[in-house]
Amino acid sequence: MLGFLVRLLPFWIREPLVILVGTVFGVRILFMALVDGEGWVPAVIGAVFLLGAALRVRVVVHALRARRRPAPATEAELVPVTPAPVTSAPVIPAPVTPAVRRPVEKKPNAFAQASFAIGLFAVIGGALWIEGKLPEDGTAATGASRPAACRLDEDEELPGAYRSTPGAVTGADLCRALNGTELPELLGTPAERSVYASGTDNTAPLTDRKVAQPEARVEFETYTVELSATYNKLTVAQYAKLTTYGDGRDARKLTVLGRPALLTSDHMMKIQFDLGSGEGASGPVEQGPLARTLTVAFDGKDRGGSYDLTVWSESGLLPDDSALVDIAEAVLPRITRGARGQD
């Protein structure tokens with residue numbers, strides 16, 4: 001469709017426009033190939049664009065030379081005119097017909113058309129640039145970023161642990177609550193935008209799929225935030241006692257939303273797989289970056305079950321503990337069961 005519209009343009013608009021676009025794209029792709037190290041394929045593509053622009057330049061140069069060169073005389077003009085023989089017959093003057101002036105046909109100005117084509121391309125490029133800078137649904141004007149849409153496993157059947165657990169929420173419910181516009185600001189990175197969000201309906205490990213454990217994850221360039229709910233009989237007080245048997249130096253008890261809570265630190269697991277590309281090798285589970293987790297009881301009486309809010313980053317940096325508390329106070333009250341959780 002675009003090629004058809006380009007062919008409809010006049011020659012002196014179409015050709016300069018094609019030359020300009022081909023040159024810009026060719027130089028940009030060659031720059032990516034030679035400077036950014038993108039490989040030889042972009043280099044070939046960039047060279048093809050520049051070659052096409054050069055051929056178009058040659059066509060325009062030939063057309064300009066043809067317009068400036070005087071037109072060759074026709075055969076009728078080259079044949080000498082033989083005067084007619086003089087006769088003695090009386091000459092009757094022919095009626096004089098007034099000459100009709102034909103309007104002088106103006107030839108198009110090639111420079112003006114080329115300038116118009118370049119200006120048109122500049123206007124289109126400027127409009128595209130301005131469109132990329134405009135706020136999306138007004139969120140950029142207020143400094144808030146639009147969160148990524150939650151990816152859900154809606155086609156999979158909900159495990160039986162959710163149907164047998166009264167009040168159990170799903171991964172979709174947790175993702176809706178966690179994936180809010182205020183989350184980057186609470187993490188201390190207000191300029192960032194979430195690049196990935198998902199919700200899954202998992203079950204707790206080593207429970208024979210009898211304990212519901214939905215999870216939600218939201219990823220940013222700096223941090224990754226994960227929220228899960230575990231519907232077991234373990235209380236936060238019991239979990240706090242278990243941490244004393246391990247390395248519980250970073251554990252801290254506190255109260256969040258009037259419920260018992262516990263802050264702990266642990267390392268994530270790092271697993272590497274070789275998918276046949278030859279770029280990596282499979283290996284044992286390795287120690288990943290340090291993560292900070294805030295565990296909050298379901299209710300103030302701590303009768304079992306809890307929410308786990310975990311934050312980590314690939315660089316190893318962690319936000320302050322106050323950030324986790326602020327996120328929990330903002331997210332936990334708006335966790336509600338959706339349509340799927342009520343089936």
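**Close-up 1. S315 is exposed, with a relative accessible area of 55%.** Exposed means over 50% relative accessible area, buried under 20%, and partly exposed in between (1.4 Å probe, protein chains only). The model is predicted: local features need pLDDT of at least 70, side-chain atom pairs count only at pLDDT 80 or more, and totals for chains, interfaces and linings use all residues. Residues are numbered from 1 along each chain as its sequence is written, and side-chain values use heavy atoms, without hydrogens and water. S315 sits in the loop between β8 (306–312) and α10 (321–331). Helices (H or I, at least four residues) and strands (E, at least two) are DSSP runs, numbered from the N terminus. A polar atom of the S315 side chain lies 3.5 Å from the backbone nitrogen of L317. Y223 is 92 residues away along the chain, yet its C-alpha atom is 9.0 Å from that of S315.

**Close-up 2. The largest nonpolar core has 37 residues.** Such a core joins buried Ala, Val, Leu, Ile, Met, Phe, Trp, Tyr and Cys residues through side-chain atoms within 4.5 Å. L178, L227 and L294 have the most contacts inside this core. Its largest share, 5 residues, comes from α10. L294 touches (heavy atoms within 4.5 Å) residues including L254, Y307, L324 and A328.

**Close-up 3. A nonpolar surface patch covers about 760 Å².** Patch residues have over 30% relative accessible area and no salt bridge, with nonpolar side chains joined within 5 Å. Among its members are F25, W40 and V44. α3 (40–68) and α2 (11–34) each supply at least two residues; the largest share, 6 residues, comes from α3. V44, in helix α3, is partly exposed, at 44% relative accessible area.

Technical notes
Polar contact = N/O pair within 3.5 Å; in protein donor to acceptor, adjacent residues only side chain to side chain. Patch = residues over 30% accessible without salt bridge, like charges linked within 9 Å, V, L, I, M, F, W, Y side chains within 5 Å. Areas by Shrake-Rupley, 256 points an atom, 1.4 Å probe, with all protein chains shown as cover. Salt bridge = Lys/Arg side-chain N within 4 Å of Asp/Glu carboxyl O. Lists of a residue's contacts leave out its neighbours within four places in sequence.
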